[in-house]
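Please open the model in your viewer and follow the selections in the order given here.

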Amino acid sequence: MNYNSSMVEGKKILVVGLANKYSIAAAITKSLHKNGAQLGFSYQNERFEKFITEFSKENGGGFTQVCDLANDDDIKKLIATAKKEWGQIDGIVHSVGFAPADQISGNIEDCITREGFKITHDVSSYSFSALLKEAHPFMSDNSSAITLTYVGSQEATPNYNVMGMAKASLEASVRYFASTLGSKGIRVNSISAGPIKTLAASGIKGFKSMLNKHGVSTPLARNITAEEVGNTATFLLSDMSSGITGQTIYVDGGYNIQAISFD
Ligand SMILES: NC(=O)c1ccc[n+]([C@@H]2O[C@H](COP(=O)([O-])OP(=O)(O)OC[C@H]3O[C@@H](n4cnc5c(N)ncnc54)[C@H](O)[C@@H]3O)[C@@H](O)[C@H]2O)c1
């Protein structure tokens with residue numbers, strides 16, 4: 001295996017999950033671009049097209065393509081474009097989550113529905129499986145895929161509800177894909193990020209209180225930044241992390257290690 005010595009120089013990485021400049025995917029893109037990656041982008045629908053076009057120009061000018069991850073044909077077309085543009089894919093960033101607003105507001109017994117469960121799991125968990133299923137034949141034998149998760153998968157968190165279940169499923173999918181794709185040289189990991197103010201996060205009822213509680217309860221005594229997540233993503237997409245697969249890497253200021261915060 002030929003390891004590249006610089007961080008992600010020349011690696012061809014697909015970024016899925018950009019909505020605006022506050023998206024975690026935007027901070028990941030900036031870090032990857034700074035460290036030499038060649039990037040391609042997808043966006044959910046035309047509402048985001050103008051932003052993505054500009055954002056791509058500022059970060060290397062790679063291809064942009066619409067892709068609704070709830071649609072298998074769109075996923076096929078996205079991977080076909082990446083293959084046409086690059087031949088092989090060296091990395092995938094999946095930074096996507098969605099739950100209908102009524103599912104992430106209030107006590108679970110009052111708001112969970114079959115339809116809400118289906119949509120949340122489809123977009124927030126299955127979409128990562130769907131991407132890897134389609135992309136893996138075209139991934140290089142020294143490649144890496146990452147997704148974004150939250151500690152609400154492991155610990156009950158007010159209002160997070162069915163999103164916590166979907167994140168648990170997403171983290172399990174990371175372990176399954178890592179197990180079978182590892183021998184092909186494809187690594188699969190997730191980053192469990194502390195709370196960051198973004199479009200998706202502001203949909204969670206009480207997000208501000210979540211942010212405040214994390215901020216004072218972490219060993220680092222502060223909230224983490226999107227840039228810190230971006231830099232960890234670059235590490236996981238680089239050859240520097242070549243021995244790491246199937247993991248949930250916490251970028252949360254250490255929040256997850258404490259049962260009760262210390263005074
Ligand atoms: N912000 C936080 O506090 C936080 C913490 C931990 C994990 N995360 C996770 O980070 C990831 C990125 O979220 P974010 O906080 O940057 O918010 P964001 O709103 O900027 O990004 C979410 C993205 O998901 C995309 N998306 C939703 N449904 C889609 C669909 N059907 N097809 C294609 N794309 C779709 C949106 O277009 C958007 O680009 C999510 O998985 C989220 O759960 C966020």
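The model is a predicted one, in which local features need pLDDT of at least 70 and side-chain atom pairs count only at pLDDT 80 or more, while totals for chains, interfaces and linings use all residues. Residues are numbered from 1 along each chain as its sequence is written, and side-chain values use heavy atoms, with hydrogens and water left out.

Next, display the polar contacts, which are pairs of N or O atoms within 3.5 Å. At T198, a polar side-chain atom lies 2.5 Å from an oxygen atom of the ligand; at D68, a polar side-chain atom is 2.9 Å from a ligand nitrogen atom; and at G17, a polar backbone atom is 3.0 Å from a ligand oxygen atom. Taken alone, the ligand exposes 820 Å², of which the protein buries 93%, with areas from the Shrake-Rupley method and a 1.4 Å probe.

Finally, select F41 and F55, whose rings form an edge-to-face aromatic pair, 6.2 Å centre to centre with 75° between the planes (centres within 6.5 Å; under 30 degrees is stacked, over 60 edge-to-face, the rest tilted).

Key. Polar contact = N/O pair within 3.5 Å; in protein donor to acceptor, adjacent residues only side chain to side chain. Phe/Tyr/Trp six-rings, centres within 6.5 Å; stacked < 30°, edge-to-face > 60°.
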